[in-house]
Amino acid sequence: MTPRRAAILGTVVSSLALGVAVAQILPVERQRLPQQPPVLSGSGVQLRQGIRDVTPGADTQPVTPPASPAPASPSSASPAPANPAPPPAAATAAPVPVPAAETRPPRPRPPPPASVDLLPDNEDLGDRVGAMRERLILAARSGDLERLKVVFETNETMPVFSRGGERDPVAFWKQASGDGDGREILAILINILDLPAARINRGTPQEMFVWPYLAHVPLDRLDARQSVDLYRLMTAQDVRDMRTLGSWVFWRLGIGPDGTLHFFLAGE
């Protein structure tokens, strides 16, 4: 046998021997490897190796995320109701009761005087009443509200000049006047004192000289001359409004028999 053949034969024999040895080793190595059961998800689906199931309530075995459902086709979508039910009303706090606005009872009308005597051309006033009237006219003609206030303060108590709780007559006259300076009030005072007075409740503790006399004459019984006196004080529309009310609501002034000024105000 030649050396070349001997080398080939040795190679073949070595390969056969190596194959037999490997065949004897492999079964033993396979028995040494642990048998791994198939990995299941919480829903029992077999998963890939190395993925853990982290869904709530599942064990610590690997898991694959669930596949997102395919969007439904428009034909398979359920139609929306024609009249959907309104959402439930949100809970709201119980409404707080609002107190009703304070309402004052209507002011009772003063009783009619026991007697009314008209004094044409301001006759029979007496010295004290006439002197107070002249002082008021002079103060009003000056155009100075402070001078009129001085006349008011000559009384022991301030005469009534408003229906509210005002204390300063000058401030009130400015507020009540249309011009804002109170001169309209001075003009009204001159006009009513220029008309005759009415002497009411003669011989009683409530005796008073009131200007203008029209405050104590029924408006629906005025004669032609008295109607002219009325239009000297107010417009035709004001006269109609006052006749609708049925009472005198314009300015008036009252002086007692002793010359005390009692009131100068508007309203009933």
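User: Which element gives the most to the lining of the second largest pocket?

Analyst: Helix H6 does, with 3 residues. Helices are DSSP runs of H or I with at least four residues, strands are runs of E with at least two, and both are numbered from the N terminus. The model is predicted: local features need pLDDT of at least 70, side-chain atom pairs count only at 80 or more, and totals for chains, interfaces and linings use all residues. Residues are numbered from 1 along each chain as its sequence is written, and side-chain values use heavy atoms, without hydrogens and water.

User: What makes this a pocket, and how much space lies in it?

Analyst: A cavity holds points where a 1.4 Å probe fits but cannot get out; a pocket is an open set on a 1 Å grid over the protein atoms alone, with protein on both sides within 12 Å along at least five of seven lines. The second largest pocket has about 170 Å³ of space, counted as the space filled by probe spheres set on the joined points.

User: What makes a residue part of the lining, and which residues qualify?

Analyst: A lining residue has an atom within 4 Å of a point. Leu-118, Leu-119, Pro-120, Asp-121, Pro-196, Tyr-213, Asp-223, Arg-225, Gln-226 and Asp-229 line the second largest pocket. Strand S1 (116-119) and helix H6 (224-231) each give two or more of these residues. By class, the lining has 5 nonpolar, 1 polar and 4 charged residues.

User: Why is Asp-121 called exposed?

Analyst: Exposed means over 50% relative accessible area, buried under 20%, and partly exposed in between (1.4 Å probe, protein chains only). Asp-121 has 58%, so it is exposed. This residue sits in the loop between S1 and helix H2 (127-141).

User: What stands out in the phi of Asp-121?

Analyst: The phi is positive, about 60 degrees, although Asp-121 is not a glycine. Most residues other than glycine have a negative phi. Asn-201 also has a positive phi, about 55 degrees.

User: How do you know whether Glu-207 is buried or exposed?

Analyst: Its relative accessibility is 11%, so Glu-207 counts as buried. Glu-207 lies in the loop between strand S2 (197-200) and strand S3 (208-211).

User: What is Glu-207 in contact with, beyond its neighbours within four places in sequence?

Analyst: Contact means heavy atoms within 4.5 Å. Glu-207 has such contacts with Arg-199, Ile-200, Asn-201, Arg-202, Gly-256 and Pro-257.

User: What makes a nonpolar core, and which residues have the most contacts inside the largest one?

Analyst: A core is a set of buried Ala, Val, Leu, Ile, Met, Phe, Trp, Tyr and Cys residues joined through side-chain atoms within 4.5 Å. The largest has 45 residues, and Leu-136, Trp-248 and Leu-253 have the most contacts inside it. Another core, of 5 residues, lies apart from it, with Ile-200, Met-208, Val-210 and Phe-263 among them.

User: How many residues does the chain have, and what share counts as buried?

Analyst: The chain has 268 residues, and 30% count as buried. The chain has 7 helices and 5 strands.

Definitions and conventions:
Nonpolar A, V, L, I, M, F, W, Y, C, P; charged D, E, K, R; others polar.
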